[in-house]
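Hello,

Here is the structure I promised to pass on. Have a look at it first, and then read my notes below.

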Amino acid sequence: MFALSLDIAKERGISSQKLFLLRNQAIPFPDDYFDLITCCDVVEHLDLDDISHLSSELNRVLSPNGVLLLNVSTRPAGSLDLNGENLHRTVKDAGIYSSLFNLERYTVNNVEKEITAIRRGKWM
């Protein structure tokens, strides 16, 4: 399925140099590689175990003084997947995400039901 998504992206003109397929849930970059990581509207689509693994991987590839920008929806999605399940796989309150990413500060938008956080440096 994911390889097909890469093919579709390439057909739409996205450079193959900007597309990477995760292998064994590993981000294909060395430790401490990125000074800035943005992760917006992704986390809520994963199961809780996968979020925990993603947190570890983001921490691994973030440079010691790097910045993580995180945005997570804390509400059910307005639509279902092909199996009839909500597209937001993990609907949790902000405290869960704060714990998983060891967030020092975040804001909660109660209207949109999402959290936005900036994390400086590594965690865990």
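Let me begin with D32, which counts as partly exposed because its relative accessibility is 37%. Please keep in mind that this is a predicted model. D32 sits in the loop between α1 (2-11) and β1 (34-40).

On to the loop between β1 and α2 (48-61), where you will find D41. For D41, too, phi is positive and near 60 degrees, and again the residue is not a glycine. D41 has a relative accessible area of 43%, so this residue is partly exposed.

Next, the cysteines. How many disulfides does the structure hold? The number is zero. C39 takes part in no disulfide, and the nearest cysteine sulfur, which belongs to C40, is 7.0 Å away. Seen from C40, the nearest cysteine sulfur is that of C39, at 7.0 Å, and C40 is in no disulfide either. Why does that distance rule out a bond between them? A disulfide needs the two cysteine sulfur atoms to be within 2.5 Å, and the sulfur of C40 is 7.0 Å from that of C39.

Is each of these cysteines buried or exposed? C39 is buried, because its relative accessible area is 6%, under the 20% cut-off. C40 has a relative accessible area of 43%, so C40 is partly exposed.

How values were computed
Residues numbered from 1 in each chain as written. Predicted model: local features only at pLDDT ≥ 70, side-chain atom pairs only at ≥ 80, totals over all residues. Heavy atoms only, no water. Helix = DSSP H or I, 4+ residues; strand = E, 2+ residues; numbered from the N terminus. Buried < 20%, exposed > 50% of the residue type's maximum accessible area, 1.4 Å probe, protein only.
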